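Here is a short report on a predicted model. It takes the contacts between chains first, then one chain, then one residue.

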Amino acid sequence: MAQQHGIIVLFDVENALRTRSLDGNTYWFDNMKFLGSTGVGTEHLETIVPGTYFLDGSQATEQVLNWLPAALGSIPPTVPRNYLAEQGRAEERRTLDELAALNTEGGVNEADVKRLQEQVGTYAEDPGGRGFTAAKVLDVTGKATSSSDAYNYPAPVITDITGQAVAEKIIYPAQYGSPDMVYDGWYWAATVDTSRPGVYPYTLHVQLHELVKRNGELVWESVDLTCESSLKIITDPKRNGFTGAGLGVLPLPPVPAPAG
Amino acid sequence: MKEKVNIIVMVDAVGALSDRTLHNGNLSLIDDSTAGSRHQGTPDLVTAVVPGQVVHWTPIHVDVQTPVEIQSIEFLSGAAVPPPAETAPEPASDWTADEAAPGGTAGEPAASYPVASYPVEVPVPAVDATASNGFKNGDLLVWEGVVPYDMVPGVPYRYRLSLKLHEGPNSVLYVDSPALLRV
Amino acid sequence: MPPRARQPQRRPARPVTITAVVDPVAALASENLDDNLYLYDTNRAAGSTGFGTPGLRSLVRKGDTLLWNVLPLECETYVSLTGIEIDPQIAEPVRKVYPGTDIAFWTAEVKQDITEPVPYRLSFLLGTVSTPFTPTARPTLAGPAPEGR
């Protein structure tokens, strides 16, 4: 059966946008430290891919990698993917309800209107970038915001995976899932050919998004950057758990234990 | 007769690690024997086998990213097998490593009354699961074996199934309840 | 001469976020949270240090809003931040949830400028274990480095 390895990349989006570089602004994780991954939690992760093969030479366990990007200082990815959209809608419903209440009460004062304006927050338009729907701007606690200094950075988007590991056909990365940025994201996964042990670097192409003011309107603009990591492929023969070699007779006792 | 019987070892790793037991519904054993196995889906699975068949155990984790490995499968003997000289003489002393993580053994009479019939695992030399990078990798082990012709029919041969969930002092948990039964 | 006090400009409304990345399965299996807890904050440019360790030292100033949240390495596994113990004269963290979810975060305002680093204690719930896990190492809040360093 397939062995799934999740590789989480945490991006310091704010720093990366300021320096226009991912150098020093990524932290990489996998859950394979106990099998030999190194640099977990740092910028220099080397992910172990422990391949296995049968005595006839065929690859025994299919190894699958999944990449999951996350933005440091943002609403964490454990919050459901459609959260931003749902939350934006919930805020709108609440505002409509309050508007209706104001009407029935007859009097509308300036403070009420101002409060509702803040509640409505700000929509940002996407100037033709890929997939970013006009979405309500939320702050990092999930509330609508009208402040361009407070917005929640959207999760970075992986746009491609290249480099030696791909060029030498060690991994076959592909994109899965929906391109709808609000309800889901691009989802990258790869199967690994573990027959050629070695260390293979690869490059992650990432798109970050920042909210900028243009002609008085807030718009999302994408910033494309790259960062690197590597895979360490090993491969070892499968062996029988009872015999240490090939198939044998089960090691049964002369007299079985009585019922327990 | 089928040439091979598959036993699927399905574990809720997070549940088992949290509860520190493979009971509480954290372990489910299922086989595809057509010879009349009992207690499917429980840790008490009795797999019906016939001599010459290959029995193959496969671990599966419920949460896809949590590795589950079979650490060992040891058949329990009814005859008092003297413990190897270098180990402590207490009958249950070889369980102490797993003391914080008892499987189903804590309340068993065998543990309380160390008489002649206490179950003893048949000593099996531990197979080295070290990968070429020097790290242990239980995925290297294939757990299968042939049912011997001298197996006594109608008597369940219980075995200790030890599972390793990730790594560390709490990572190994076991049950003594599953069995093979020659029909 | 000490640097001139900055303009009383309104601070950016984005809080200093401290994110705890936790490998819950490894922590449960090894009963060691320290080796499986990685802390980060969004204030590295201001001088925070200890990134990727349980002893993160966050550089903060009076008036900063702090926000703590959690990122589990296995996304299906339950991890939550259940408590933050810190000198209440420095900050009084309050638990909140992302609106419409049961996913918690904690926030606090830094009440005063910090001269000596203030260690604090985080505790987490992992899996279905009812007793919180607390790392041995302590993260700290620290003020800007004194002059001459």
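## Where chain B meets chain A

In this predicted model, 43 residues of chain B and 34 residues of chain A form the contact between the two chains. Strand 7 of chain B gives the largest share, six residues.

By residue class, the side of chain B that touches chain A holds 26 nonpolar residues. A further 10 are polar and seven are charged.

## A strand pairing across the chains

Strand 7 of chain B also pairs with a strand of chain A. The partner is strand 12 of chain A, residues 239–240. The pairing is parallel and runs over two bridges. Within strand 7 of chain B, B:Val142 stands opposite A:Asn240.

## Where chain A meets chain C

Chain A also touches chain C. Here 31 residues of chain A are in contact with 31 residues of chain C. On the chain A side, two strands and two helices each give two or more residues: strand 1 (3–11), helix 1 (13–19), strand 2 (26–30) and helix 2 (83–105). Helix 2 of chain A provides the largest share, four residues.

The side of chain A that touches chain C divides into 15 nonpolar, 10 polar and six charged residues.

## Chain A as a whole

Chain A has 260 residues, and 40% of them are buried. Its secondary structure comprises four helices and 12 strands. Take the contacts in chain A between residues at least 6 apart in sequence: 63% of these join residues at least 24 apart.

## A closer look at C:Arg121

C:Arg121 lies in strand 9 of chain C, which spans residues 121–126.

Which residues does C:Arg121 contact, leaving aside neighbours within four places in sequence? The contacts are C:Glu85, C:Thr134 and C:Arg138. For a distance along the chain, take C:Phe105, 16 residues away from C:Arg121. The C-alpha atoms of C:Phe105 and C:Arg121 are 15 Å apart.

Notes. Residues numbered from 1 in each chain as written. Chains lettered and ligands numbered in written order. Predicted model: local features only at pLDDT ≥ 70, side-chain atom pairs only at ≥ 80, totals over all residues. Contact = placed C-beta atoms within 7 Å. Buried ≥ 20, exposed ≤ 12 C-beta atoms within 10 Å, placed from the backbone. Nonpolar A, V, L, I, M, F, W, Y, C, P; charged D, E, K, R; others polar. Pairing = 2+ DSSP bridges.
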